[in-house]
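Here are my notes on this one, in numbered points. Have a look at the model alongside them.

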Amino acid sequence: MADHAFGGIKIRHLFKIFGPNAKSHVESVQNGMTKAELNQKHAHVLGLRDINIEMPSGSIQVIMGLSGSGKSTLIRHINRLIDPTAGEVLVDGVDVVKMDETELRKFRRHQTAMVFQKFALLPHRNVLDNTLFGLEVQGVERTKAVDVAMRWLERVGLKGYEEKYPNQLSGGMQQRVGLARALSNDAPVLLMDEAYSALDPLIRTDMQTVLLDIQREIKKTIVFITHDLDEALRLGDQIAILRDGQVIQQGSSQDIVLRPADEYVANFVREVNRGRVVQVNAIMRPLRPGAAVSGVTLDATTTVEEAVRLLASVPDGDVTVIAKGSLPVGVVTFRQLASAMVSDCTPTHEDAIALVQ
Ligand SMILES: Nc1ncnc2c1ncn2[C@@H]1O[C@H](COP(=O)(O)OP(=O)(O)O)[C@@H](O)[C@H]1O
Ligand SMILES: [Mg+2]
């Protein structure tokens with residue numbers, strides 16, 4: 001195992017076929033056999049086809065897709081709850097697929113933590129003892145384990161609830177315990193499979209905020225699965241969209257909203273509040289370096305919605321200079337900002353960059 005664990009994950013050419021003779025069908029699938037064909041001809045289920053994703057250490061990778069698209073199958077390969085039919089899963093450069101049982105046990109305990117949709121709390125243990133469960137399994141001394149658990153319980157907003165039992169808590173609070181338990185492990189990789197999907201919308205948004213706040217501090221590699229696009233766009237530094245076991249698009253929130261790869265993604269994106277995702281840099285008219293500018297400035301990464309809010313109170317705020325760092329890179333009008341909230345906005349970021357170069 002690598003000396004320094006930072007939690008960068010690389011998934012390479014990963015295939016998963018469910019069925020008794022999975023290996024014997026890999027080649028056909030690699031050569032293009034469809035999920036339907038594999039099912040009809042050989043009664044095997046294609047779970048994942050040629051997944052390639054690089055998840056940088058310290059970032060939130062969202063995996064999104066409809067039910068049955070392969071999200072759980074994919075995340076379960078990362079701590080090898082599922083063995084692949086072919087491919088590599090590298091965590092800090094070490095292939096999880098090749099680990100023997102002892103290595104795998106050590107890897108699961110120290111390098112990964114999971115948060116489940118159904119909380120998976122032990123009913124006969126109180127909040128504190130649920131939270132320190134992982135540390136107890138690792139053999140961490142009780143006083144130290146209590147210290148760590150108390151710190152995370154406080155951080156997720158559960159100070160004072162240590163003695164309660166899971167059935168005395170709401171769903172949102174139980175999920176906070178699940179998160180505190182996972183964070184207490186201090187593993188570099190945090191795996192969250194639809195962790196928030198069972199929560200009511202307002203509580204769900206709260207929990208997203210808790211996660212984003214904590215992530216700013218802890219900078220784990222978080223793999224977050226959801227079938228909800230708003231959640232994906234809010235949380236994901238990177239998003240991968242799955243359909244029928246295949247990645248059909250990877251990119252930032254803005255990439256996905258502005259340039260959906262196909263009709264499937266476009267359908268997801270249609271109802272999105274664009275103003276919260278699209279940044280000013282995607283709609284500005286680029287300026288040549290050194291161009292003379294004046295007026296109000298906005299940071300290039302400001303969202304359109306935020307820009308509209310900021311400019312609404314600025315008198316005569318029609319033309320605005322966009323500064324990246326301190327360099328002017330473009331201008332945008334209030335009208336462009338307003339129209340970007342309701343429609344596709346061009347030029348795209350890449351077009352804009354190309355124009356200034
Ligand atoms: N153990 C299994 N045996 C056979 N098929 C499976 C198994 N696990 C998952 N699948 C199939 O793999 C596909 C992806 O499932 P899953 O990863 O659970 O999707 P998601 O989490 O996106 O809802 C589905 O077609 C599902 O029926
Ligand atoms: Mg699932």
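**Notes on the fold**

1. Start with helix α3, which lies across β1, β2 and β4 and runs at about 125° to β1. Contact here is heavy atoms within 4.5 Å. Helices (H or I, at least four residues) and strands (E, at least two) are DSSP runs, numbered from the N terminus. Axes are lines fitted to C-alpha atoms, for helices over the stretch in contact, and angles run from 0 to 180 degrees between N-to-C directions.

2. Some housekeeping: this is a predicted model, where local features need pLDDT of at least 70 and side-chain atom pairs count only at pLDDT 80 or more, while totals for chains, interfaces and linings use all residues; side-chain values use heavy atoms, with hydrogens and water left out. Residues are numbered from 1 along each chain as its sequence is written, and chains are lettered from A and ligands numbered from 1 in the order in which they are written.

3. On confidence, pLDDT is the predictor's own figure for each residue, from 0 to 100. The chain has a mean pLDDT of 89, with 91% of its residues at 70 or more. Over residues 351-357 pLDDT stays under 50, and the model has 10 contacts beyond four places in sequence for that stretch. Where pLDDT is low, the predicted coordinates should not be read in detail.

4. Four strands make an open, antiparallel sheet in the order β2-β1-β4-β5. β2 (45-55) and β5 (94-95) are at the edges with a single partner strand each, so one side of each has no neighbour in the sheet. Two strands pair if DSSP finds at least two bridges between them. Strand β1 (residues 9-18) and strand β4 (residues 86-91) are joined antiparallel over 5 bridges, and Ile 9 stands opposite Val 91 in β4. Helix α1 (residues 22-30) also packs on this sheet, touching β1, β2 and β4, with its direction at about 115° to that of β1.

5. The other sheet is open too, with 6 strands in the order β6-β7-β8-β3-β9-β10 and mixed pairing. Its edge strands are β6 (112-116) and β10 (246-251), each pairing on one side only. On average, neighbouring strands here are turned by 15° against each other, direction ignored. Helix α3 (residues 71-78) packs on this sheet as well, touching β3 (60-64), β7 (189-193), β8 (221-226) and β9, and its direction makes about 160° with that of β8. Helix α4 (residues 101-111) touches β6 and β7, with its direction at about 65° to that of β6.

6. How do β3 and β9 run relative to each other, parallel or antiparallel? They are parallel, joined by 4 bridges, and Ile 63 has Ala 240 in β9 as its bridge partner. Strand β9 (residues 238-243) runs antiparallel to β10, with 5 bridges between them. Ile 241 is partnered by Gln 249 in β10, and Ile 239 stands opposite Gly 251. β9 and β10 form a hairpin with 2 residues between them, and Asp 244 in the turn has a positive phi of about 45°.

7. Now the helix pairs. The axes of helix α8 (residues 171-184) and helix α9 (residues 201-218) come within 11 Å and cross at roughly 20°. They are therefore roughly parallel to each other; angles under 35 degrees count as roughly parallel, over 145 as roughly antiparallel, 65 to 115 as roughly perpendicular and the rest as oblique. Among the residues that meet are Leu 179 and Leu 183 in α8, and Val 210 and Ile 214 in α9. By class, this contact has 8 nonpolar, 2 polar and 2 charged residues. Ala, Val, Leu, Ile, Met, Phe, Trp, Tyr, Cys and Pro count as nonpolar, Asp, Glu, Lys and Arg as charged, and the others, Gly among them, as polar.

8. Helix α7 (residues 142-155) packs on α8 at about 135°, with the axes 9 Å apart, and the two are therefore oblique to each other. Val 148, Ala 149, Trp 152 and Leu 153 in α7 meet Ala 180, Leu 183 and Ser 184 in α8. That contact has 6 nonpolar, 1 polar and no charged residues.
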